[in-house]
Every structure is written in C-alpha cells, then in structure tokens.
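Dear colleague,

I would be glad if you could read the notes with the model open beside them.

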Amino acid sequence: DECRDLCLNSPYRCHSYDYGDTGDMVCRLSHHSRITLTDVQDPYLQVPEATTFELSSCYNVTIECGAIDMITRIRTSKLFDGKVYAKGSPKSCAVDVKNSLEFEIRMGYQNLECNVRQSNSGRYMNDVVIQHHDTIVTSSDLGLAVTCQYDLANKSVSNKVLLDIKDDFEPALSEEVIVDSPNVLMKITSRDG
C-alpha cells in the first residue's frame, strides 16, 4: 500500500510499480504502462514470478447547474498536472491545474468563449477535455460530455402559511401578470424535515 501511495503521489507520471521483487523492501516505480512497454526492449530486470501493478487514473466528475453557469468538478485518484478546458477553447475557457486531486471549470451559459450549446428550451450542453500536458494532446487525455437540464414550464408554488387580515378592505389597485419561472434553489438543512 505504501508503494502504491508513492506511485500515486510521485512528482512525475507514475504508471506502474512493484514491491519486493528486485530486493527486500524495494519499491520500484516506473513511468511505463503495458502500452509503452511494447516499444521497449528488455525494460526490466528479469525476475522470475515478479508482479508489476499498473496504476490508472480514476476520475469522479460531478456537475453543478447554476442560474447563469454550469460547473464541472473533477476528483482524481492521482495527482493531476495539466489543464481542463471547454472543447474548442483550450486557451479562452481553460483552467490550469498544478498537482491537484480536485479541480473545477466554470462555464457561463452566455459566455461565448466557453461555447455552451443550448439544444432546446432549458437544456445546455458542452464538452470538457482533461489534458495531461499544457500543449500536447496524448492518448491518456479524456473528453467528457456534460449537460444541465432545467424545467422552464410555468408552475404555481404554494405553502400553508395563513395570511388572513381581520378587517375588510377594498384593494385600491391590482395587477396580474404571468412571468417565467424563477431559478429555484432548495437546500435541506434538517434531515428531520
């Protein structure tokens, strides 16, 4: 487990590791994976029955749909050093990430630089790219499609608060108008209701 943690938190891109195969209490880290090893002749010392573990990054992605923007939050199992950006906008709508396990990108619906598309009423979509190098696209980079859906139909909202007024009176002026539904944010502050 300690050897795996060293690989996870290494200052370079560690893809594989082994422990105790080349010597007592020796943890060996490598930037090689199964794919890159096919191009290297005799990459390791020949050790009978040795086991090398390949480490792959795992991404946990969540989307927060706000009133004016969508936020893509990313948590990864390995320290990430690179950038995340809206597809097609690697400079104008990008976040530079330096050795972090958690990062996010905020894309405004009206921000032309971030290229958020609206497919129909209340549905916004975009593509996000997780790139491990600032300028070079590699096979380990990842593309994500993110979507926010809003119900824009008019709705009546009511509660059970009594607003009775004892005295009878005539209203001097009244006006009625139908407006678009507001963006509603609900926070549950007590699990008991």
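This is a predicted model: local features need pLDDT of at least 70, side-chain atom pairs count only at pLDDT 80 or more; totals for chains, interfaces and linings use all residues.

Met25 is exposed, because its relative accessible area is 67%, where exposed means over 50%, buried under 20% and partly exposed in between, with a 1.4 Å probe and protein chains only. Met25 lies in the loop between β1 and β2, and although Met25 is not a glycine, its phi is positive, at about 60°. Most residues other than glycine have a negative phi. Asn99, which is not a glycine either, has a positive phi of about 40°, but Asn99 lies in strand β6 (residues 94–108) and is partly exposed, with a relative accessible area of 49%.

Residues are numbered from 1 along each chain as its sequence is written, and side-chain values use heavy atoms, with hydrogens and water left out. Helices (H or I, at least four residues) and strands (E, at least two) are DSSP runs numbered from the N terminus, and two strands pair if DSSP finds at least two bridges between them.

Strand β1 (residues 16–19) is joined by 4 bridges to strand β2 (residues 27–30), the two running antiparallel, and Asp18 has Arg28 as its bridge partner in β2. β1 also pairs with strand β3 (residues 53–54), again in the antiparallel sense, over 2 bridges; here Tyr17 is partnered by Phe53 and Ser16 by Glu54.

Leaving aside residues up to four places away in sequence, Thr72 touches Val61, Thr62, Ile63, Phe103, Glu104, Ile105, Met107, Val128 and Val146, contact being heavy atoms within 4.5 Å. Thr72 and Leu144 are 72 residues apart in sequence, yet their C-alpha atoms are 9.8 Å apart in space.

The largest pocket has a volume of about 680 Å³. A pocket here is an open set of points on a 1 Å grid over the protein atoms alone, where a 1.4 Å probe fits, with protein on both sides within 12 Å along at least five of seven lines, and lining residues have an atom within 4 Å of a point. Of the 26 residues that line the largest pocket, Arg13, His15, Ser57, His132 and Ser140 are the closest to its centre. The elements giving two or more residues to this lining are α2 (34–37) and β5 (69–86), and β5 gives the most, with 5 residues. The lining draws at least three residues from each of domain 1 (1–54) and domain 2 (59–149), the domain bounds coming from an automatic or database domain assignment.

With best regards

Notes:
Grid points are joined across faces, edges and corners, and a volume is the space filled by probe spheres set on the points.
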